[in-house]
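Welcome! Please take a moment with the sequence and the 3D view below before reading on.

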Amino acid sequence: MRKLKTLVIISALSLSLNAADNTQKTMLGMEDGLNSIQKGFLYNSVELIKKGVEKIQESNKVYKDPKAVTAFLPENKKHMSNIAFRSAARIDVATSDLLEYLKAKEMNKAHESFSDILDACTACHSIVRSW
């Protein structure tokens with residue numbers, strides 16, 4: 001019986017650590033994408049911007065599943081998963097818009113879309129981190 005309890009505790013800790021690790025990897029992907037976009041604007045490199053958008057879109061895929069969003073949130077914030085889910089949807093729209101504005105060579109509007117991405121990130125983080 002004691003071995004079973006130990007196994008259950010170890011399994012629960014492993015799943016918790018795995019979820020934390022996945023969250024960190026996802027956030028690092030988002031951060032890397034944001035950095036690439038910002039550098040692209042600073043150095044007039046459309047390729048850097050596109051690469052950043054691609055990284056953000058790839059990382060943001062995790063948040064399209066409401067259950068995955070709930071799993072990423074801290075225990076005392078799980079009831080707010082809809083806000084995080086909507087933030088992910090806003091990021092999808094803003095990244096798509098950014099790419100369209102790049103194609104049209106409307107850099108000011110593309111940068112506004114970048115700001116929309118940051119606003120969506122901040123909205124979610126303000127809840128998760130109790131800002």
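What follows is a short tour, from the overall fold to single residues.

This is a predicted model, in which local features need pLDDT of at least 70 and side-chain atom pairs count only at pLDDT 80 or more, while totals for chains, interfaces and linings use all residues. Residues are numbered from 1 along each chain as its sequence is written, and side-chain values use heavy atoms, with hydrogens and water left out.

**The overall picture**

Let us begin with the fold. The chain has five helices and zero strands, and its pattern along the sequence reads α-α-α-α-α. Here helices (H or I, at least four residues) and strands (E, at least two) are DSSP runs, numbered from the N terminus. Of the 131 residues, 30% count as buried; buried means under 20% relative accessible area, exposed means over 50%, and partly exposed lies in between (1.4 Å probe, protein chains only).

The chain exposes about 8,700 Å², and carbon and sulfur atoms supply 57% of that area. Such areas come from the Shrake-Rupley method with a 1.4 Å probe; for residues, only the protein chains shown count as cover. Among contacts in the chain with a separation of 6 or more, 56% come from residues 24 or more positions apart. A contact means heavy atoms within 4.5 Å.

**An aromatic pair**

Rings of Phe, Tyr and Trp (its six-membered ring) pair if their centres lie within 6.5 Å; planes under 30 degrees apart count as stacked, over 60 as edge-to-face and the rest as tilted. By this rule there is one aromatic pair. F41 and F114 form it in a tilted arrangement, 6.0 Å centre to centre with 45 degrees between the planes. Because F41 sits in helix α1 (residues 2-42) and F114 in helix α5 (residues 107-128), the pair ties together parts that are 73 residues apart in sequence. Both F41 and F114 are buried.

**Salt bridges**

Side chains of opposite charge can pair when their charged atoms come close. A salt bridge is a side-chain nitrogen of Lys or Arg within 4 Å of a carboxyl oxygen of Asp or Glu, and the whole structure holds five of them. The table shows some, including these:

| Salt bridge | Closest N to O |
|---|---|
| K64 and D92 | 3.4 Å |
| E106 and K109 | 3.6 Å |

K64 lies in the loop between α2 (46-60) and α3 (66-72), and D92 in helix α4 (residues 81-103), so this pair ties together parts 28 residues apart in sequence. K64 is partly exposed at 46% relative accessibility. E58 is partly exposed too, at 49%, as is K61 at 47%. E106 is partly exposed at 32%, and K109 is partly exposed at 40%.

**Around S87 and the cysteines**

S87 lies in helix α4 and is buried, with 4% relative accessibility. Leaving aside neighbours within four places in sequence, S87 is in contact with A120, A123 and C124. The S87 side chain reaches the backbone oxygen of A120 at 3.4 Å.

How many disulfides are there? A disulfide is a pair of cysteine sulfur atoms within 2.5 Å, and by this rule the count is zero. The sulfur of C121 is 8.2 Å from the closest cysteine sulfur, in C124, which is too far for a bond. C121 is buried at 15% relative accessibility, and C124 is buried at 17%.

Definitions and conventions
Polar contact = N/O pair within 3.5 Å; in protein donor to acceptor, adjacent residues only side chain to side chain.
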